[in-house]
Amino acid sequence: MDYLYYVFGILIFIAVVLLIEGTYMSWNAAKGPEAERVARRLRMMSAGAHTDQQTASLIKQRLLADSPALQKLLLQLPRVQLLDRLLEQSGMDWSVADLLGLSGLGLVLGAAMGAWLGLPAPLLLAVAAVGLALPLLLVLRAKAKRLARLGAQLPDALDLISRALRAGHAFPTAMKMVGDEMNDPVAAEFRTTFDEVNFGISMSDALMNLAARVPSTDLRYFVIAVIIQRETGGNLGELLDNISGIIRARMKLLGQVKVLSAEGRMSAWVLGMLPFGAAAVIWTTNPQYLGVLFTDPSGRRMITVCLVMMALGALVMRRIIRIRV
């Protein structure tokens, strides 16, 4: 009797362990890191496809929303693919529906906060506009940071491809080596291009998709050089070495320009934020002193003229300190 009791207990223990292990394996297959990596690569490939209908059918279409009804509604919006491309270039996991939903939520929260604080109508509209634009600004900032990281990694990636070609590897294999041995985001982009070629897309179309996904001038130089070399011939390894050297020299010059223009950028930030900081302090200490500007018609006109002049001044300062290399 005791023997059967212990056997029964062991069997129950094994069953519970197998149940937990099966549950974990099911979750890992659907939501684990490997599944997320595969889904991310598929999303990147589908967002970059700008080929003909037969080629595009080889790639899974990127969804704008999780709901089929919302997907159909978003497809009716003009230029909605531009938002989708922007999200893909930023490297964020948001969909177009997520971006629009967060923008609408920011608009409502901004308007509610302005009404709760008792702000005048112009400031209320400004706060609501900031809440509406905040998600888009976050996406643009993420895109800029991702492109900066990719630009810094690109010379090393080109050197790796050049060395692989000199060692006798084929060009697609060299791109796969970049995807395997380097870090994201450049590794993810080259892995996506290699996967597209494996799926049957021509090398030229896959490279054009890469240039469409990554709006980088340096990367487009690489894509154009490879496409021309495949049509006319030549030493691709030497060509990539020259492009890598040019990119490094340009980045060095750009760093020197940023150092020399740092004082101008700081002055622009101080001059742009000083009026708003002074207004916030005055509003906190003596609201009646500043309230005349919002209640009197002449004061509202003065605020409008000042905001327009400040916007023009910010644009001028931006043009002065923004030096393209």
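F190 and F222 are both buried, and together with F171 they make up one aromatic cluster. Keep in mind as you read that this is a predicted model. The protein chain has 325 residues, 31% of which count as buried, and its secondary structure amounts to 15 helices and zero strands.

**Aromatic cluster**

- Two aromatic pairs are found in the structure.
- One of them joins F171 and F222 in a tilted arrangement, with 6.3 Å from centre to centre and 35° between the planes.
- F171 belongs to helix 8 (residues 171–181) and F222 to helix 11 (residues 217–232), so this pair links parts that lie 51 residues apart in sequence.
- F171 has a relative accessible area of 7% and is buried, while F222 is buried at 0% relative accessibility.
- F190 and F222 have ring centres 5.9 Å apart and planes at 50°, so that pair is tilted too.
- Because F190 sits in helix 9 (residues 186–198) and F222 in helix 11, the pair connects parts 32 residues apart in sequence.

**Salt-bridge network**

- How many salt bridges does the structure hold? There are nine.
- With E189 in helix 9 and R146 in helix 7 (residues 121–166), the pair ties together parts that are 43 residues apart in sequence.
- Are E189 and R146 buried or exposed? Both residues are buried.
- E196 makes a salt bridge with R213, and their closest N and O atoms are 3.3 Å apart.
- E196 is part of helix 9 and R213 of helix 10 (residues 203–213), so here the linked parts are 17 residues apart in sequence.
- E196 is buried, with a relative accessible area of 0%, and R213 is buried as well, at 2%.
- Through shared partners, salt bridges join R146, E189, E196 and R213 into one network.

- D159 counts as buried, at 16% relative accessibility, because the limit for buried is under 20%.
- R248, by contrast, is partly exposed, with a relative accessible area of 35%.

**Surface and nonpolar patch**

- The accessible surface of the protein chain is about 20700 Å², and 67% of that belongs to carbon and sulfur atoms.
- Which residues make the nonpolar surface patch of about 670 Å²? They are M266, W269, V270, M273, F276 and L307.
- Helix 13 (residues 262–285) gives the largest share of this nonpolar patch, with five residues.
- W269 has its place in helix 13 and is exposed, with a relative accessible area of 59%.

**Contacts along the chain**

- Taking contacts in the protein chain between residues at least 6 apart in sequence, 59% join residues at least 24 apart.

How values were computed:
Residues numbered from 1 in each chain as written. Predicted model: local features only at pLDDT ≥ 70, side-chain atom pairs only at ≥ 80, totals over all residues. Heavy atoms only, no water. Helix = DSSP H or I, 4+ residues; strand = E, 2+ residues; numbered from the N terminus. Buried < 20%, exposed > 50% of the residue type's maximum accessible area, 1.4 Å probe, protein only. Contact = heavy atoms within 4.5 Å. Areas by Shrake-Rupley, 256 points an atom, 1.4 Å probe, with all protein chains shown as cover. Phe/Tyr/Trp six-rings, centres within 6.5 Å; stacked < 30°, edge-to-face > 60°. Patch = residues over 30% accessible without salt bridge, like charges linked within 9 Å, V, L, I, M, F, W, Y side chains within 5 Å. Salt bridge = Lys/Arg side-chain N within 4 Å of Asp/Glu carboxyl O.
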